[in-house]
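I opened my notebook today to look through one structure, a piece at a time. Here is what I looked up, in the order I went.

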Amino acid sequence: MAGFVLAGTLVGAASAQPAPVNNDLNAAQVGSVRTVQVNSAAAVSCTIGQLTITRTSMCLDMNAYVDVLNNGRPVGRASFEIKHSMTLQAGKRNWKESLTVGKATLVNASGIHMTVAVGAGKGITTKVDFPQGSTLGPVRKGAVAYKTNVGKKKQQLTKSSYRFTFTKAGYSVGSFKYYSAKYRCDDKLWGPKKRLKAPGCVFTGATPTIGMGDLRYIAENIRNVRKKGGHYGQPGYGKPLHAMNNADQARKNRNAVCGKAKPTAWERRHGLISCDEYPFATTKEGGTKLPASQRGIKFVPDKEQDTQGGRVSGFKKQYRVLDGDAFYVAI
């Protein structure tokens with residue numbers, strides 16, 4: 001008997017079978033992505049291989065590829081660019097992100113389909129609007145809608161995850177995963193009796209800067225402290241100040257530095273009667289936390305002192321600067 005049939009396949013001594021062919025897709029992003037912070041007032045522009053952030057915006061741009069493999073040997077490749085642009089809302093629970101997969105260069109890699117899934121951790125919902133299952137080749141654009149359900153006086157630190165999955169008829173599935181910059185959503189901006197600002201989100205990796213340039217005497221005080229070189233809070237020196245949102249401790253800090261100081265007769269005649277201290281009493285570095293050589297006081301007009309207080313308070317609300325958050329001071 002020449003052979004016999006088993007489960008629909010002819011088997012026999014004379015019917016040697018060829019080795020099975022393994023067809024696979026291998027997908028990956030190209031290289032590492034470097035995170036860069038730019039000035040919060042500057043426009044964010046994308047650069048390949050870079051994740052650029054301000055306090056409320058992110059631009060992520062990178063190259064990726066899908067290799068077509070036959071028994072482990074590359075026989076084709078699809079190369080393309082992926083670009084994200086996310087804008088958080090510092091005073092709202094909702095925000096959006098745009099997503100673009102650029103035109104792919106295809107070398108023996110036709111018929112590859114892609115889908116994308118986006119998650120953002122517990123307490124944040126995502127809705128992805130993307131041409132799921134579309135083929136690599138033409139430019140594909142989509143968007144992600146986010147909403148945070150952060151509780152009253154609570155906060156959540158998270159990041160978005162992006163998983164791209166690629167399929168091709170007769171091939172195993174290929175995929176890769178990567179993340180956005182970390183961001184924090186909170187409802188922590190409360191006064192003694194009422195909310196000071198609606199819940200919102202910021203990128204915690206971006207350190208904001210408050211400006212004091214038009215407050216003459218306060219800027220002079222800060223400048224005097226910085227004469228010896230890099231100092232806490234000075235942009236570019238890597239030593240930020242850290243917010244301290246404790247009114248009782250702030251009073252203690254202020255008294256420790258200004259409690260026994262008195263304006264001179266000349267200062268009183270010129271309306272310089274309010275003691276200004278740097279670092280601010282409302283920072284972790286305030287009071288006597290730093291050596292005397294790294295602290296400074298100056299008597300300033302009451303109006304300047306009031307303006308500074310309002311400016312610092314507004315700055316914290318605008319950029320959601322919470323207790324312990326880093327920030328710089330520009331003069």
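**Entry 1: what kind of model**

I note first that this is a predicted model.

**Entry 2: the disulfides**

I started with the cysteines. How many disulfides does a search of the whole structure find? I got three. With the bonded cysteines numbered in sequence order, the pairing reads 1-2, 3-4, 5-6.

I took cysteine 46 and cysteine 59 to begin with, and their sulfur atoms sit 1.4 Å apart. The pair links distant parts of the chain, 13 residues apart: cysteine 46 is in the loop between strand 4 and strand 5, and cysteine 59 is in strand 6. I read a torsion of about -80° about the S-S bond of cysteine 46 and cysteine 59, so this disulfide is left-handed. Cysteine 46 is partly exposed at 25% relative accessible area, whereas cysteine 59 is buried at 6%.

Next came cysteine 185 and cysteine 201, with sulfur atoms 2.1 Å apart. Their link is right-handed, with 105° about the S-S bond. Cysteine 185 belongs to strand 17 and cysteine 201 to strand 18, so the pair ties together parts that are 16 residues apart in sequence.

Then I looked at cysteine 258 and cysteine 275, whose sulfur atoms are 2.0 Å apart. Which hand does the disulfide of cysteine 258 and cysteine 275 have? It is left-handed, because the torsion about the S-S bond is about -70°. Cysteine 258 is in helix 2 and cysteine 275 in strand 21, so parts 17 residues apart in sequence are tied together. I found cysteine 258 buried, and cysteine 275 buried too.

**Entry 3: strand 7 and its partners**

I followed strand 7 (residues 73-87) next. Strand 7 pairs with strand 6 (residues 57-70) in the antiparallel sense over 14 bridges. The two form a hairpin with two residues between them, and asparagine 71 in that turn has a positive phi of about 55°.

Strand 7 also runs antiparallel to strand 8 (residues 94-101), joined by six bridges. A hairpin of six residues connects strand 7 to strand 8. I noticed methionine 86 on both counts: methionine 86 is the bridge partner of methionine 58, and glutamate 97 in strand 8 is a bridge partner of methionine 86.

What does strand 7 do with strand 9 (residues 105-107)? The two pair in the antiparallel sense over three bridges.

I traced an open, antiparallel sheet of four strands in the order 12-10-15-16. Its edge strands are strand 12 (134-135) and strand 16 (174-179), each pairing on one side only. Strand 10 (residues 113-119) and strand 15 (residues 161-167) are joined by seven bridges. Valine 116 has phenylalanine 164 of strand 15 as its bridge partner.

A reminder to myself: most residues other than glycine have a negative phi, and most peptide bonds are trans.

Asparagine 108 has a positive phi, near 50°. I placed asparagine 108 in the loop between strand 9 and strand 10. Is asparagine 108 buried or exposed? Its relative accessibility is 62%, so asparagine 108 counts as exposed.

Lysine 153 also has a positive phi, about 60°. Lysine 153 is in the loop between strand 13 and strand 14, and is partly exposed at 43% relative accessible area.

The peptide bond from tyrosine 278 to proline 279 is cis, with omega near 0°. Proline 279 lies in the loop between strand 21 and strand 22.

**Entry 4: asparagine 221**

I looked up asparagine 221 in helix 1 (residues 216-225). At 2% relative accessible area, asparagine 221 is buried. Leaving out residues up to four places away in sequence, asparagine 221 touches Asp276, Glu277, Tyr278, Gly296, Ile297 and Lys298.

**Entry 5: the largest pocket**

I finished with the largest pocket, which has a volume of about 720 Å³. Of its 26 lining residues, Asn245, Thr282, Val312, Ser313 and Lys316 are closest to the centre. Helix 2, strand 21 and helix 4 each give two or more residues to the lining. Which element gives the largest share of the lining? Helix 4 does, with seven residues. I sorted the lining into twelve nonpolar, seven polar and seven charged residues.

How values were computed. Residues are numbered from 1 along each chain as its sequence is written. This is a predicted model: local features need pLDDT of at least 70, side-chain atom pairs count only at pLDDT 80 or more; totals for chains, interfaces and linings use all residues. Side-chain values use heavy atoms; hydrogens and water are left out. Two strands pair if DSSP finds at least two bridges between them. Buried means under 20% relative accessible area, exposed over 50%, partly exposed in between (1.4 Å probe, protein chains only). Contact means heavy atoms within 4.5 Å. On a 1 Å grid over the protein atoms alone, a cavity is a set of points where a 1.4 Å probe fits but cannot get out, and a pocket is an open set with protein on both sides within 12 Å along at least five of seven lines; lining residues have an atom within 4 Å of a point. Grid points are joined across faces, edges and corners, and a volume is the space filled by probe spheres set on the points. Ala, Val, Leu, Ile, Met, Phe, Trp, Tyr, Cys and Pro count as nonpolar, Asp, Glu, Lys and Arg as charged, and the others, Gly among them, as polar. A disulfide is a pair of cysteine sulfur atoms within 2.5 Å.
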